[in-house]
Amino acid sequence: MVLLSAGRIAVATTRPPVTSWGATAAVTCVAAGALHAIAAVDLLGTGLWQPSFFLACALVQLAAGGWLYLARPPVPRVVGILLVGTVGLVVLYLTVHGTGLHDVISEHGADADHNGHTVRSAGPVSMGGLPGVDDVTPEAPGWLGTSTVAVELLAITALTALLPVQWRSRTADALLLLGTLGVVLWSTGLLF
Amino acid sequence: MTPSTLNRRDVLKLSAFGAVAMALPWSSALSAKSQSRIAASKLPRPYTVPFTVPPVSQPAATNVATQTVYHRITQQAFVGELLPGVKTPLWGYNGSVPGPTIKNRKGWQTVLRISNDLPATHPTLGYVPWTSTHLHGSPSKPQYDGYAGDISQPGQWKDYVYPNSCPGRTLWYHDHGVHHTAENVYMGLAGQYHLADEVEDSLPVPKGRYDIPLILSDAAFAQNGSLLWDDAGHSGVYGDVILVNGRPWPTMRVEQRKYRFRVLDASISRGYRLALSNGQPFQVVATDGGFMTAPQTVSSLRIGMAERYEIVIDFAGITVGQKLTLVNRGVPNSVDFDNTGKVMQFEVTGPATSPENNSVPAVLNPAAAAMELTEDMATKTRQMRLERSNGMWTINGGIWDDIVRSDYTKVFADPKVNDVEIWEVENRSGGWFHPLHIHLIDFKVLSRNGAPPPPQERGPKDVIYTGENEKIRLIMRFGPEHGRYMVHCHNLSHEDHDMMTQFVVGEQDADCDPINAALPVFGTAPGF
């Protein structure tokens, strides 16, 4: 903005107004961070790794939301990094729920009492005993996971829109490819 | 700076990614009428798998002088293939699920040398897989009857001696180890046993390649192809895949003639109501205890766990190339899934290649001993109440642990050899059915809820389907053996927890102690 003041030309910079995509990206990142924080609290008492991971996600996303609101215009490289990170979280979510890893982490299973008198199981248990993650079975995601992914998908859309125009199409192509890969893995039984 | 926006094409691509991310995690849960967690693509479409029959056990030795046939059976862990192309860890008799069919004739003794080569503990459930083999339908001595406490530990072997003194019939052998019968049978420890006799010889009913075992079971599969176990708090185990002789919904090629099917419900908890898809009636010719007095024509057949019915289906009127299916109309309180209404398919391939043994006479076995019993022969009437109490399945309020705690002295009944008794079995629950099995004897069904038994039950039996809120009267003669025998629900989850009691026939002596009279031995089983 150029101002005339006392015969001098003064150049002052003010932030441009936040765009609708910028606001969407900021809000959805904050929302995703909040949901991850809730998940971290939910997981307290299950060990160190899970709550720590969710807490770290929450902090990064809250910070990203703040930065997206304040940085006008946002730096494309940082937007790209946030986009890759958010897509990574969604892919991790699909992998964990689609392979039974969720149940491994959640330590479901069965046990017999000391004299083998009776078997107690907290739900369906694989009887095979083959090594690997498939010894237990996946369960449907809860509302928290689904909500978080929904919010993150909105964030991905907004972050894509914030990218320079020459990156957007390639990003959309890459995401389409990723989705197709998911469907292929699902249809061949490697996922879910 | 370029404006932040997305064109329609990019929005569509992102939407596709979003739809995948949202939908896939719910795909298993949203296909609600299934139990398996394995990918749907790995389950075969019904009727695409060829029908097979279990192998026949070849005797290890035969002694003509003593009329004894010897078989060696090993209980072992192996990786088999129930679903095409899917490896499933199983426990089987001689590496087969179902186990090999054992055949013998009345009057010829069978000795089964059974080795427990199972792992020291179950790989995921963690229990010790002790076993006790029961030849279901045989009046065996107590020490060879698969008494729940007569267990062989992994690494042990034991000879089971079967007199084959009863009339010819379809029997089955399965594990009966205390508290783990359900798991062990689910893993595969079950097989048929056919006993022939002169009555069967004299009848022109289908035999040989037209005499087919149909072992029904249901299973669910984990993602990696392993069996999936969920007994829903010891209520029952229900799979979404129907297996016939260990194959999912198979198709059998048949000729235009009669076939005899030896139907066994080997499921842990599932009852079936079988019918043909074209509504065609079929004939029941034999029940648990062998041939009926007369064949019974039915259009559907209810069969509970451990029941055996021999049925004759006539394909003569079916056009070549036509297919018909054996369907399951379901029974109350068996959990149904998308494809549990399908059992198997028959495809008629051509005219009969043999006209032999292609009829069902009006009289089959007029002299079945159990069917000649009348109420006036009974010296005692006893009541048996099947119910759930304090989370346990009980008989008259008692459980098997009560028997164990009494040092196996507590009994439900104590008839003498040759005594005739009436047992009134009652299930006051509307939420469960209980197929009750009485060891040692055959019984006759006197009435079901005050009415005559349905046609299919008008033959000698050893399992009675005790339906919801039903009261059934049975009459039986005890013998020929003496000693302690079990009575239990054949929903194996109920049996294991802990709906089982015992009765004693005549005197108890050391020679017929079910646990100590024939102890298992550690080591490698020797040859005969």
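Residues are numbered from 1 along each chain as its sequence is written, and chains are lettered from A and ligands numbered from 1 in the order in which they are written. Because the model is predicted, local features need pLDDT of at least 70 and side-chain atom pairs count only at pLDDT 80 or more, while totals for chains, interfaces and linings use all residues.

Let's begin with chain A. It has six helices and five strands; these are DSSP runs numbered from the N terminus, with helices being H or I of at least four residues and strands E of at least two. Along the sequence, the pattern reads β-β-α-α-α-α-β-β-β-α-α. Of the 192 residues in chain A, 38% are buried, where buried takes 20 or more other C-beta atoms within 10 Å of the residue's own, exposed 12 or fewer, and partly exposed lies in between, with C-beta atoms placed from the backbone.

Now over to chain B, with five helices and 33 strands. Its radius of gyration is 24 Å, close to the 24 Å from the globule rule for 528 residues, so chain B is as compact as a globular protein of that length. That radius is taken over C-alpha atoms, and the rule is 2.2 Å times the number of residues to the power 0.38. The C-alpha trace of chain B spans about 100 × 55 × 50 Å along its principal axes. Buried residues make up 55% of chain B.

Next, an open sheet. Four strands of chain B are ordered 5-10-9-7, with mixed pairing; a pair requires at least two DSSP bridges between the strands. Strand 5 (99–105) and strand 7 (133–136) are the edges, each pairing on one side only. Strand 7 runs antiparallel to strand 9 (residues 169–175), with four bridges, and B:L135 has B:Y173 as its bridge partner.

How many residues of strand 11 of chain B are buried? Seven of the nine in strand 11 (residues 211–219), so this strand is largely enclosed by the rest of the structure. Six bridges join strand 11 to strand 16 (residues 258–265) in parallel, with B:I215 opposite B:L264. Strand 11 also pairs with strand 13, antiparallel, over four bridges, and there B:S217 stands opposite B:L243.

My last stop is B:D231, in the loop between strand 12 (228–229) and strand 13 (241–244) of chain B. Is B:D231 buried or exposed? It counts as buried, because it has 25 C-beta neighbours inside 10 Å. B:A182 is 49 residues away along the chain, yet the two C-alpha atoms are separated by 9.1 Å. Thanks, everyone!
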